[in-house]
Amino acid sequence: MIDIDAPAESAAWAALATHYEQIRHRHLRELFATDAGRGERLTAQVAGIYLDYSKHRITDETIGLLLRLAEACGLRAHIDAMFRGDKINVSERRAVLHVALRAPRGASILVDGENVVPGVHAVLDKMSDFVRRVHSGAWTGHTGKRIRNVINVGIGGSDLGPVMAYEALKFFSRRDMTFRFVSNVDGTDFVEATRDLDAAETLFVISSKTFTTLETMTNAHAARTWVLGQLGDDTVVAKHFVAVSTNASEVAKFGIDTANMFEFWDWVGGRYSTDSAIGLSTMLAIGPEHFEAMLGGFHAIDEHFRTAPFGQNLPILMGLLSVWYNDFFGAQTVGVFPYEEYLKRFPAYLQQLTMESNGKHVTLTGQPVAHDTGPIYWGEPGTNGQHSFYQLIHQGTRLIPCDFIAFGQTSNPLGSQHDMLLANVFAQGEALAFGKTPEEVKAEGTPDWLVPHRVMEGNRPSTTMLLDGALTPEALGKLVALYEHSVFTQGTVWHIDSFDQWGVELGKVLAMRIIPDLDLAATPKYDHDSSTNTLIRRYRERKDADK
């Protein structure tokens, strides 16, 4: 086992550094030309997911050295500790058990000696019962009208997960209902979400663990005012609001019947909560059966991650490749490009999952890290990105490893368009890897002066994930779990806490100090830095002038 505070000083890391110097200038053209079986061998598959990582700047030796690093960092022990319910979120002294959210009935996962799985299924059953009442019309609004509009109010994981899942599974959603999501404290978000709706037909799902989150509760009170403005007094709240929270007293104070509060636990981080009660709006959209199928997809990858040998373990391979480029090639970003329109919000969801988890500057024991951690994740669906930022990936000066995600079938067949879509994703991986040489450009009759502009250097790494069938709830669960466990793998190698998020707090605290200074009826303190004080003063002047 290596020094927990100095993974970069270990023998396993040093071996990779030496190997990097030997391989850094080798081109993927050469690697493929000298290894006829590479495209078949450097692959892994499980549960209908085929992972092709052959277009990476690696050899079998690279993979062996990365696996040795994972073993030296105690990845097996860390995996076991998470599934066992140990408090691996060290800074908050909490267990990390999103895997319990999709564990089957009858499983046993202990937190402080208590099996949490029965409680998870009790909440799922309560959610299912509520959803069926809404869908059947047994649950109505205050005036007796059926609920036809659902608005999820949250922020961070309480928004990004539900909105991503809704968009991803829209094919399976009820088309006789409208689903919208409000997260931004900018009033425009709320006003546009409600502008054309009838409050008598609208249900708000207020998603906040503490029921005190500034942005969420600001929007929740705006929703309350909007409903009361159309329907009358406080008694209407109980029929048009439900809560996903752990704070029963604040929920009751708001006017929500605590019988309609759906619980989750402090061992569920917000960015890992899509499959908890935070997914209530998702279940309202797709129904309990499809939600259950999504949980099944999550669990299939959980078991794969927990049991599969490291060399054939998809999330471990993904995580180690990220470490390889982040810490040895110095690549600062990862592009994620789903060739599936329904996954248009998936890259935004991954931004929180990856960067809030691994954007850390100290180790588990609080010592400064001696290596780079969390890369920047970004992306857009294909083929749209091909006509915007792919130019930089192909011919720019930055190395950007890419994840391409594709499906063998489409939910919406339209002539040969799915073949065209898949041809594009395969072509992009090929073009990035092999590029186009000056000789190839000249052979096309290109004049000499134009040749440098048309050369593609290639040697740009990518992973292609090809999933069987179309995007289904089960497939979405598998895909999210892959990235969850890849993030865990990276964090384990870097010896950081992937499950806290203290960096989110400072800006919120300062905002609370500034808010009173923006009120024209108050006397500002101007006790900030000169820049912030000037901005406050200018805003107050313009606010007063524009009244």
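I began with Asn-459, which sits in the loop between α19 (451-454) and β13 (462-467); helices here are DSSP runs of H or I with at least four residues, strands are E runs with at least two, and both are numbered from the N terminus. Asn-459 has a positive phi of about 60 degrees although it is not a glycine. Is Asn-459 buried or exposed? I found 8% relative accessibility, so Asn-459 counts as buried (buried is under 20% relative accessible area, exposed over 50%, partly exposed in between, with a 1.4 Å probe and protein chains only).

A note on my source: this is a predicted model, where local features need pLDDT of at least 70, side-chain atom pairs count only at pLDDT 80 or more, and totals for chains, interfaces and linings use all residues. Residues are numbered from 1 along each chain as its sequence is written, and side-chain values use heavy atoms, without hydrogens and water.

Next I looked up Arg-93, in the loop between α5 (75-84) and β3 (110-111). Arg-93 is not a glycine either, yet its phi is positive, about 55 degrees. Arg-93 is exposed, with a relative accessible area of 70%.

Then I turned to helix α1. Ala-12, Trp-13, Leu-16, His-19, Tyr-20 and Ile-23 are buried there. They cover an arc of only 120 degrees around the axis, which puts them on the same side of α1 (the arc is taken from the directions from the helix axis to the C-beta atoms). On the other side, Ala-11 and Gln-22 are exposed.

My last stop was Thr-383, in the loop between β11 (376-378) and α16 (390-395). The peptide bond from Gly-382 to Thr-383 is cis, with omega near 10 degrees.
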